[in-house]
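Try each task before reading its solution.

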Amino acid sequence: MTTDAMTLTPARPLPRPARRPRKVKAGWGWNTAAGHLVMVVLAIFCLFPVYWMIVTSLRPANAIFETSLWPSTASLDNYAYALKAIPILRMLINTLVVAATVTVVQLFTGLLAAYAFARWRFPFDKLIYTLIALTWLVPFQVVMIPNYLLVANLGLLDNLLALILPHFAAALAILLLAQSMRSFPREVLEAARMDGAQSWRILWEIVTPNLRGTIASLAILIFISTWNEYFWPLLLSRSPQNSVVQIGIQMFMSSEGTQWGPLMAASTMASLPILVIYVVLQRQVIQSFMKSGIR
(Lines give C-alpha, C1' and ligand atoms only; values in the text may rest on other atoms or scores of the structure.)
Protein backbone atom coordinates (compact mmCIF):
# COMPACT_ATOMS: atom_id res chain seq x y z
CA MET A 1 0.00 0.00 0.00
CA THR A 2 1.34 3.33 -0.98
CA THR A 3 1.13 6.36 1.16
CA ASP A 4 1.39 9.90 -0.06
CA ALA A 5 4.58 11.54 0.88
CA MET A 6 3.94 14.30 3.37
CA THR A 7 6.32 17.25 3.71
CA LEU A 8 6.65 18.29 7.29
CA THR A 9 7.70 21.86 7.91
CA PRO A 10 9.55 22.45 11.12
CA ALA A 11 7.75 24.59 13.63
CA ARG A 12 9.08 28.12 13.94
CA PRO A 13 10.63 28.89 17.30
CA LEU A 14 8.72 31.30 19.43
CA PRO A 15 10.26 34.78 19.53
CA ARG A 16 12.14 35.49 22.66
CA PRO A 17 10.93 38.34 24.74
CA ALA A 18 12.91 41.49 24.19
CA ARG A 19 15.43 42.15 26.85
CA ARG A 20 14.95 45.24 28.82
CA PRO A 21 17.82 47.68 28.47
CA ARG A 22 19.97 47.77 31.49
CA LYS A 23 19.79 50.94 33.47
CA VAL A 24 23.08 52.69 33.54
CA LYS A 25 23.71 54.04 36.97
CA ALA A 26 25.10 57.52 36.92
CA GLY A 27 28.09 57.27 39.14
CA TRP A 28 31.00 59.49 40.00
CA GLY A 29 33.96 58.09 38.16
CA TRP A 30 37.43 59.48 37.91
CA ASN A 31 36.66 61.15 34.58
CA THR A 32 33.56 62.87 35.94
CA ALA A 33 35.35 64.04 39.06
CA ALA A 34 38.30 65.34 37.04
CA GLY A 35 35.96 67.18 34.68
CA HIS A 36 34.13 68.88 37.53
CA LEU A 37 37.41 69.78 39.18
CA VAL A 38 38.66 71.42 35.98
CA MET A 39 35.41 73.39 35.64
CA VAL A 40 35.61 74.57 39.26
CA VAL A 41 39.21 75.73 38.76
CA LEU A 42 38.30 77.56 35.54
CA ALA A 43 35.28 79.17 37.22
CA ILE A 44 37.46 80.43 40.08
CA PHE A 45 40.05 81.67 37.59
CA CYS A 46 37.38 83.61 35.65
CA LEU A 47 35.56 85.03 38.68
CA PHE A 48 38.63 86.08 40.63
CA PRO A 49 39.23 89.34 38.67
CA VAL A 50 35.61 90.36 39.35
CA TYR A 51 36.01 89.52 43.02
CA TRP A 52 39.29 91.43 43.23
CA MET A 53 37.69 94.46 41.54
CA ILE A 54 34.92 94.55 44.16
CA VAL A 55 37.34 94.00 47.05
CA THR A 56 39.68 96.74 45.82
CA SER A 57 36.75 99.15 45.52
CA LEU A 58 36.06 98.60 49.25
CA ARG A 59 39.62 99.24 50.42
CA PRO A 60 40.53 102.64 51.89
CA ALA A 61 43.19 104.73 50.17
CA ASN A 62 45.94 103.77 52.62
CA ALA A 63 45.30 100.04 52.11
CA ILE A 64 44.70 99.93 48.37
CA PHE A 65 47.73 97.72 47.67
CA GLU A 66 47.08 95.15 50.38
CA THR A 67 47.06 91.53 49.24
CA SER A 68 44.54 90.21 51.74
CA LEU A 69 41.47 88.50 50.29
CA TRP A 70 39.19 90.88 52.20
CA PRO A 71 39.95 94.39 53.47
CA SER A 72 40.42 94.73 57.21
CA THR A 73 38.29 97.89 57.18
CA ALA A 74 35.77 97.95 54.32
CA SER A 75 34.65 101.40 53.24
CA LEU A 76 32.33 102.97 50.66
CA ASP A 77 34.44 106.13 50.33
CA ASN A 78 35.61 105.15 46.85
CA TYR A 79 32.00 104.91 45.64
CA ALA A 80 31.17 108.29 47.15
CA TYR A 81 34.22 109.86 45.53
CA ALA A 82 33.44 108.31 42.14
CA LEU A 83 29.87 109.63 42.25
CA LYS A 84 31.16 113.14 43.03
CA ALA A 85 34.12 113.16 40.63
CA ILE A 86 32.17 112.25 37.50
CA PRO A 87 28.45 112.21 36.61
CA ILE A 88 28.49 108.43 36.57
CA LEU A 89 24.70 108.04 36.91
CA ARG A 90 24.19 110.26 33.86
CA MET A 91 26.84 108.28 32.02
CA LEU A 92 25.14 104.99 32.90
CA ILE A 93 21.85 106.33 31.56
CA ASN A 94 23.57 107.50 28.37
CA THR A 95 25.20 104.11 27.92
CA LEU A 96 21.88 102.34 28.49
CA VAL A 97 20.12 104.58 25.96
CA VAL A 98 22.82 104.07 23.32
CA ALA A 99 23.03 100.30 23.84
CA ALA A 100 19.25 99.80 23.83
CA THR A 101 18.72 102.01 20.77
CA VAL A 102 21.48 100.34 18.77
CA THR A 103 20.09 96.92 19.69
CA VAL A 104 16.55 97.77 18.56
CA VAL A 105 17.67 99.50 15.35
CA GLN A 106 20.07 96.73 14.33
CA LEU A 107 17.42 94.08 14.93
CA PHE A 108 14.90 96.06 12.86
CA THR A 109 17.21 96.63 9.88
CA GLY A 110 18.59 93.09 10.18
CA LEU A 111 15.12 91.55 10.01
CA LEU A 112 14.21 93.58 6.93
CA ALA A 113 17.43 92.78 5.06
CA ALA A 114 17.46 89.12 6.11
CA TYR A 115 13.87 88.62 4.95
CA ALA A 116 14.73 90.13 1.58
CA PHE A 117 17.72 87.81 1.10
CA ALA A 118 15.86 84.72 2.31
CA ARG A 119 12.54 85.29 0.55
CA TRP A 120 13.30 86.88 -2.82
CA ARG A 121 15.74 86.59 -5.68
CA PHE A 122 16.85 89.84 -7.29
CA PRO A 123 19.79 90.92 -9.50
CA PHE A 124 23.18 90.64 -7.82
CA ASP A 125 21.64 89.32 -4.58
CA LYS A 126 24.48 86.86 -4.00
CA LEU A 127 27.09 89.54 -4.70
CA ILE A 128 25.46 91.96 -2.27
CA TYR A 129 25.19 89.24 0.36
CA THR A 130 28.88 88.42 -0.10
CA LEU A 131 29.86 92.09 0.23
CA ILE A 132 27.87 92.36 3.45
CA ALA A 133 29.63 89.26 4.76
CA LEU A 134 33.00 90.77 3.86
CA THR A 135 32.22 93.95 5.79
CA TRP A 136 31.91 91.80 8.89
CA LEU A 137 35.61 90.99 8.54
CA VAL A 138 36.60 94.67 8.49
CA PRO A 139 37.26 96.05 11.99
CA PHE A 140 35.37 99.17 12.94
CA GLN A 141 38.67 100.95 13.64
CA VAL A 142 39.42 100.84 9.90
CA VAL A 143 36.34 102.92 9.01
CA MET A 144 36.41 105.02 12.17
CA ILE A 145 38.02 108.09 10.55
CA PRO A 146 35.55 108.25 7.58
CA ASN A 147 32.67 107.88 10.03
CA TYR A 148 34.15 110.63 12.19
CA LEU A 149 34.36 112.99 9.21
CA LEU A 150 30.76 112.19 8.29
CA VAL A 151 29.51 112.84 11.82
CA ALA A 152 31.57 116.04 12.07
CA ASN A 153 30.13 117.36 8.79
CA LEU A 154 26.63 116.65 10.12
CA GLY A 155 27.42 118.69 13.25
CA LEU A 156 26.80 115.80 15.63
CA LEU A 157 30.02 115.85 17.63
CA ASP A 158 29.48 115.47 21.39
CA ASN A 159 26.00 114.07 20.72
CA LEU A 160 24.53 110.70 21.63
CA LEU A 161 23.07 110.42 18.13
CA ALA A 162 26.62 110.31 16.76
CA LEU A 163 27.28 107.19 18.85
CA ILE A 164 24.22 105.50 17.37
CA LEU A 165 24.25 106.60 13.73
CA PRO A 166 27.15 104.43 12.41
CA HIS A 167 25.59 101.34 14.02
CA PHE A 168 22.19 101.48 12.34
CA ALA A 169 22.97 98.25 10.46
CA ALA A 170 25.29 95.36 11.24
CA ALA A 171 26.48 92.49 9.08
CA LEU A 172 26.27 90.06 11.99
CA ALA A 173 22.54 90.70 12.44
CA ILE A 174 21.83 90.30 8.73
CA LEU A 175 23.86 87.10 8.32
CA LEU A 176 22.54 85.40 11.46
CA LEU A 177 18.89 86.26 10.79
CA ALA A 178 19.13 85.37 7.09
CA GLN A 179 20.54 81.96 7.95
CA SER A 180 17.67 81.33 10.36
CA MET A 181 15.03 82.52 7.89
CA ARG A 182 16.34 80.27 5.12
CA SER A 183 15.64 77.27 7.32
CA PHE A 184 12.07 78.47 7.93
CA PRO A 185 9.45 76.22 6.20
CA ARG A 186 8.54 77.80 2.87
CA GLU A 187 5.19 75.98 2.88
CA VAL A 188 4.05 78.15 5.77
CA LEU A 189 5.00 81.30 3.88
CA GLU A 190 3.24 80.13 0.72
CA ALA A 191 0.10 79.27 2.71
CA ALA A 192 0.09 82.73 4.26
CA ARG A 193 0.58 84.27 0.82
CA MET A 194 -2.40 82.30 -0.54
CA ASP A 195 -4.52 83.57 2.34
CA GLY A 196 -3.83 87.12 1.21
CA ALA A 197 -1.13 88.11 3.69
CA GLN A 198 1.38 90.64 2.43
CA SER A 199 5.13 90.48 3.02
CA TRP A 200 5.05 92.99 5.89
CA ARG A 201 2.43 90.97 7.76
CA ILE A 202 4.19 87.66 7.05
CA LEU A 203 7.45 89.01 8.43
CA TRP A 204 6.09 90.45 11.69
CA GLU A 205 3.24 88.03 12.45
CA ILE A 206 4.63 84.68 11.23
CA VAL A 207 8.40 84.73 10.78
CA THR A 208 9.51 86.98 13.64
CA PRO A 209 7.55 85.21 16.45
CA ASN A 210 9.12 81.89 15.41
CA LEU A 211 12.64 83.34 15.63
CA ARG A 212 12.39 84.50 19.24
CA GLY A 213 15.39 82.44 20.35
CA THR A 214 17.66 83.74 17.61
CA ILE A 215 16.47 87.33 18.07
CA ALA A 216 16.99 87.16 21.85
CA SER A 217 20.49 85.75 21.45
CA LEU A 218 21.40 88.37 18.86
CA ALA A 219 19.97 91.17 21.01
CA ILE A 220 22.16 90.14 23.94
CA LEU A 221 25.27 90.09 21.75
CA ILE A 222 24.54 93.53 20.30
CA PHE A 223 23.70 95.05 23.69
CA ILE A 224 26.85 93.78 25.40
CA SER A 225 29.06 94.78 22.47
CA THR A 226 27.61 98.31 22.40
CA TRP A 227 27.81 98.65 26.18
CA ASN A 228 31.53 97.85 26.11
CA GLU A 229 32.32 100.20 23.21
CA TYR A 230 35.21 102.53 24.05
CA PHE A 231 37.16 103.88 21.06
CA TRP A 232 34.21 105.41 19.17
CA PRO A 233 32.82 107.31 22.21
CA LEU A 234 36.36 108.41 23.09
CA LEU A 235 36.74 109.94 19.63
CA LEU A 236 33.44 111.84 19.73
CA SER A 237 32.89 112.79 23.36
CA ARG A 238 33.71 116.32 24.47
CA SER A 239 31.84 116.63 27.78
CA PRO A 240 31.12 114.09 30.54
CA GLN A 241 27.37 114.80 30.38
CA ASN A 242 27.21 113.53 26.80
CA SER A 243 29.58 110.63 27.24
CA VAL A 244 29.27 106.99 28.28
CA VAL A 245 30.45 105.20 31.37
CA GLN A 246 33.58 103.72 29.77
CA ILE A 247 34.92 107.23 29.19
CA GLY A 248 34.12 108.10 32.79
CA ILE A 249 36.19 105.15 34.02
CA GLN A 250 39.11 106.33 31.93
CA MET A 251 39.00 109.72 33.70
CA PHE A 252 40.50 108.18 36.83
CA MET A 253 43.65 107.36 34.86
CA SER A 254 46.01 110.23 34.13
CA SER A 255 49.71 110.95 33.67
CA GLU A 256 49.95 111.89 37.35
CA GLY A 257 48.79 108.46 38.46
CA THR A 258 45.83 106.13 38.66
CA GLN A 259 43.20 106.39 41.37
CA TRP A 260 42.72 102.68 41.84
CA GLY A 261 40.00 102.83 44.49
CA PRO A 262 37.57 105.11 42.61
CA LEU A 263 38.53 103.39 39.35
CA MET A 264 37.47 100.01 40.73
CA ALA A 265 34.33 101.51 42.26
CA ALA A 266 33.30 103.04 38.91
CA SER A 267 34.12 99.76 37.14
CA THR A 268 31.94 97.87 39.60
CA MET A 269 29.00 100.20 39.02
CA ALA A 270 29.51 99.94 35.26
CA SER A 271 29.57 96.14 35.43
CA LEU A 272 26.42 95.74 37.52
CA PRO A 273 23.89 96.08 34.63
CA ILE A 274 25.76 93.50 32.54
CA LEU A 275 26.05 91.15 35.53
CA VAL A 276 22.31 91.46 36.17
CA ILE A 277 21.55 90.71 32.52
CA TYR A 278 23.85 87.70 32.62
CA VAL A 279 22.24 86.31 35.80
CA VAL A 280 18.70 86.78 34.49
CA LEU A 281 19.38 85.59 30.92
CA GLN A 282 22.21 83.15 31.55
CA ARG A 283 20.97 80.45 29.18
CA GLN A 284 20.28 82.92 26.35
CA VAL A 285 23.70 84.51 26.80
CA ILE A 286 25.47 81.16 26.46
CA GLN A 287 23.36 80.19 23.46
CA SER A 288 24.04 83.53 21.79
CA PHE A 289 27.81 83.03 21.94
CA MET A 290 27.44 79.42 20.74
CA LYS A 291 25.27 80.45 17.77
CA SER A 292 27.53 83.33 16.83
CA GLY A 293 30.51 80.95 16.75
CA ILE A 294 28.79 78.14 14.84
CA ARG A 295 26.97 80.03 12.06
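**Exercise 1. A charge over a ring**

Which arginine lies over the face of tryptophan 52, and at what distance from the ring centre?

Solution. One thing before we start: the model is predicted.

Step 1. Look above the ring of tryptophan 52: arginine 59 lies over its face, at 5.2 Å from the ring centre.

Step 2. Check how open the two partners are. Arginine 59 has a relative accessible area of 1%, so it is buried, the cut-off being under 20%. Glutamate 66, at 32% relative accessibility, counts as partly exposed.

Step 3. Look for another arginine over a ring. Arginine 182 lies over the face of tyrosine 129, at 4.6 Å from the ring centre.

**Exercise 2. Sorting an aromatic pair**

Are the rings of phenylalanine 48 and tyrosine 51 stacked, tilted or edge-to-face?

Solution. Step 1. Start with the tally: the structure holds 10 aromatic pairs.

Step 1. Take the geometry of this pair. The ring centres of phenylalanine 48 and tyrosine 51 are 6.2 Å apart and the planes sit at 40 degrees, so the pair is tilted. The reasoning is quick: stacked needs planes under 30 degrees apart and edge-to-face needs over 60.

Step 2. Widen the view. Ring pairs join Phe48, Tyr51 and Trp52 into a cluster. Trp52 is the residue from Exercise 1 with arginine 59 over its face.

**Exercise 3. Salt bridges along the chain**

How many salt bridges does the structure hold?

Solution. Step 1. The count is 3.

Step 1. Next, glutamate 190 forms a salt bridge with arginine 119, with the closest N and O atoms 3.4 Å apart. Glutamate 190 sits in helix H8 (residues 186-194) and arginine 119 in helix H3, so this pair ties together parts that are 71 residues apart in sequence.

Step 2. Compare the two ends. Glutamate 190 is partly exposed, with a relative accessible area of 36%, whereas arginine 119 is buried at 11%.

Step 3. Then there's arginine 201, which forms a salt bridge with glutamate 205, the closest N and O atoms being 3.0 Å apart. Both residues lie in helix H9 (residues 199-207), 4 residues apart, about one turn of the helix. Glutamate 205 counts as exposed, at 52% relative accessibility.

**Exercise 4. Positive phi in the loops**

What is the phi of phenylalanine 124 near?

Solution. Step 1. Recall the background: most residues other than glycine have a negative phi.

Step 1. Phenylalanine 124 has a phi near 60 degrees, a positive value in a residue other than glycine.

Step 2. Locate it. Phenylalanine 124 is in the loop between helix H3 (88-119) and helix H4 (125-136). This residue is exposed, with a relative accessible area of 62%.

Step 3. Repeat for aspartate 158, whose phi is also positive and near 60 degrees. Aspartate 158 lies in the loop between helix H5 (144-153) and helix H6 (160-164).

**Exercise 5. Two contact lists**

Which residues does serine 243 touch, not counting residues up to four places away in sequence?

Solution. Step 1. The list for serine 243 reads Met91, Asn94 and Ser237.

Step 1. Pick out the polar part: the side chains of serine 243 and serine 237 make a polar contact at 3.3 Å.

Step 2. Now do phenylalanine 108, in helix H3. Leaving aside neighbours within four places in sequence, phenylalanine 108 is in contact with Trp200 and Trp204. Phenylalanine 108 is partly exposed, with a relative accessible area of 38%.

Key: Residues numbered from 1 in each chain as written. Predicted model: local features only at pLDDT ≥ 70, side-chain atom pairs only at ≥ 80, totals over all residues. Heavy atoms only, no water. Polar contact = N/O pair within 3.5 Å; in protein donor to acceptor, adjacent residues only side chain to side chain. Contact = heavy atoms within 4.5 Å. Phe/Tyr/Trp six-rings, centres within 6.5 Å; stacked < 30°, edge-to-face > 60°. Lys NZ or Arg CZ within 6 Å of the ring centre and 35° of its normal. Helix = DSSP H or I, 4+ residues; strand = E, 2+ residues; numbered from the N terminus. Buried < 20%, exposed > 50% of the residue type's maximum accessible area, 1.4 Å probe, protein only. Salt bridge = Lys/Arg side-chain N within 4 Å of Asp/Glu carboxyl O.
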